[in-house]
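Subject: Model handover and findings

Hello,

Here is the structure for you to look over. My notes on it follow below.

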Amino acid sequence: LLIENPSTYLRFAQSALSEAAFLGALVRATDCGVLLDVNNIYVSARNHGQDPAAVLAEFLREIPAEAVGELHLAGHAVRALDDGREIRIDDHGSRVCPDVWALGRSALAALGPRPVLIEWDSAIPAFSVLQQEAKLLVRRYIDEVIFQVGKQLKDRLRLVQRTARDHFGSMAEELHRSLSEALTSAKAAAGSYTATRDERVIGL
């Protein structure tokens with residue numbers, strides 16, 4: 001079960017936990033997973049006058065990386081209010097904006113490879129536009145995914161090398177100890193034989 005972070009347009013006057021802290025506590029209490037919606041993080045942060053990158057960083061700190069099972073990206077609408085402010089609405093009706101692409105890349109860099117879905121379910125364009133957006137996803141993220149996979153493989157290789165070194169190192173130490181003991185025994189036996197031979201020579 002993956003719980004998704006929503007886009008928000010108002011905040012409670014009193015709140016003991018941030019959204020990220022709440023989701024982190026929920027994961028630890030229930031062992032659920034998280035569907036991390038990067039566009040929702042961006043929309044909510046901008047609506048509340050926060051830095052989207054800082055909010056994403058808090059999500060990544062509060063939620064265990066292994067709990068994040070999927071990322072979502074989407075386009076959103078921008079509406080001007082009468083007082084001159086802007087509100088962003090998660091309407092899934094346009095291309096992913098550059099800032100959201102950048103946040104998604106940061107999330108992948110921190111979490112490692114994850115399934116990524118682009119949501120577009122309103123004002124649906126021609127299929128060719130959807131194909132372009134999918135290709136853009138590959139172009140923007142494939143190098144980060146390849147880097148992360150390469151890093152994971154390198155880490156595993158180092159673990160294998162360290163394990164092999166520890167294992168065979170122990171074997172080498174045991175072999176050295178056994179040879180040392182055998183050599184000591186051989187020297188003792190040789191000394192005993194020499195002494196016995198000398199006694200026989202004197203007796204003769």
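Contact here means heavy atoms within 4.5 Å. Leaving aside neighbours within four places in sequence, Asn 40 is in contact with Glu 4, Asn 5, Pro 6, Ser 7 and Asp 90. Asn 40 lies in helix α2. Helices (H or I, at least four residues) and strands (E, at least two) are DSSP runs, numbered from the N terminus. Asn 40 is buried, with a relative accessible area of 3%. Buried means under 20% relative accessible area, exposed over 50%, and partly exposed in between (1.4 Å probe, protein chains only).

Ground rules. This is a predicted model, where local features need pLDDT of at least 70 and side-chain atom pairs count only at pLDDT 80 or more, while totals for chains, interfaces and linings use all residues. Residues are numbered from 1 along each chain as its sequence is written, and side-chain values use heavy atoms, with hydrogens and water left out.

**Overall layout**

The protein chain has 5 helices and 6 strands. Along the sequence the pattern reads β-α-β-α-α-β-β-β-α-β-α. Of the 204 residues in the protein chain, 29% are buried. Among contacts with a separation of 6 or more, 76% join residues 24 or more positions apart.

**Helix α2**

Back to the helix that holds Asn 40. α2 is mostly covered, with 9 of its 10 residues buried. Those buried residues are Val 38, Asn 39, Asn 40, Ile 41, Tyr 42, Val 43, Ser 44, Ala 45 and Asn 47. What covers them includes β1 (2-4), β2, α3, β3, β5 and α4.

**The core**

A nonpolar core is a set of buried Ala, Val, Leu, Ile, Met, Phe, Trp, Tyr and Cys residues joined through side-chain atoms within 4.5 Å. The largest one has 29 residues. Leu 36, Phe 59, Ile 63, Leu 71, Leu 73, Val 100 and Trp 101 have the most contacts inside it. Two or more residues each come from α1, β2 (33-37), α2 (38-47), α3, β3 (68-74), α4 (98-111) and α5 (127-203). α4 gives the largest share, 6 residues.

Take Phe 59 as an example. Not counting residues up to four places away in sequence, Phe 59 touches Asn 5, Glu 19, Ala 20, Leu 23, Leu 36 and Ile 41.

**Helix packing**

Two packed helices are described by the angle between their axes and the distance between the axes. Axes are lines fitted to C-alpha atoms, for helices over the stretch in contact, and angles run from 0 to 180 degrees between N-to-C directions. Angles under 35 degrees count as roughly parallel, over 145 as roughly antiparallel, 65 to 115 as roughly perpendicular and the rest as oblique. A crossing is left-handed if the near helix is turned anticlockwise from the far one by less than a right angle, and right-handed if clockwise.

First pair: α1 (residues 19-30) and α3 (residues 52-62). Their axes come within 8 Å and cross at roughly 20°. That makes α1 roughly parallel to α3. The crossing is right-handed. From α1, the contact uses Glu 19, Ala 20, Ala 21, Leu 23, Gly 24 and Arg 28; from α3, Glu 58, Phe 59 and Glu 62. By class, that is 4 nonpolar, 1 polar and 4 charged residues. Ala, Val, Leu, Ile, Met, Phe, Trp, Tyr, Cys and Pro count as nonpolar, Asp, Glu, Lys and Arg as charged, and the others, Gly among them, as polar.

Pro 52, Ala 53, Leu 56 and Leu 60 of α3 meet Leu 103, Ser 106, Ala 107, Ala 110 and Leu 111 of α4. The classes here are 8 nonpolar, 1 polar and no charged.

**Backbone points to check**

Asp 31 is not a glycine, yet has a positive phi of about 65°. Asp 31 sits in the loop between α1 and β2. At 70% relative accessibility, Asp 31 counts as exposed.

His 92 is not a glycine either, and has a positive phi of about 55°. His 92 is in the loop between β5 (86-89) and α4. At 11% relative accessibility, His 92 counts as buried.

Best wishes
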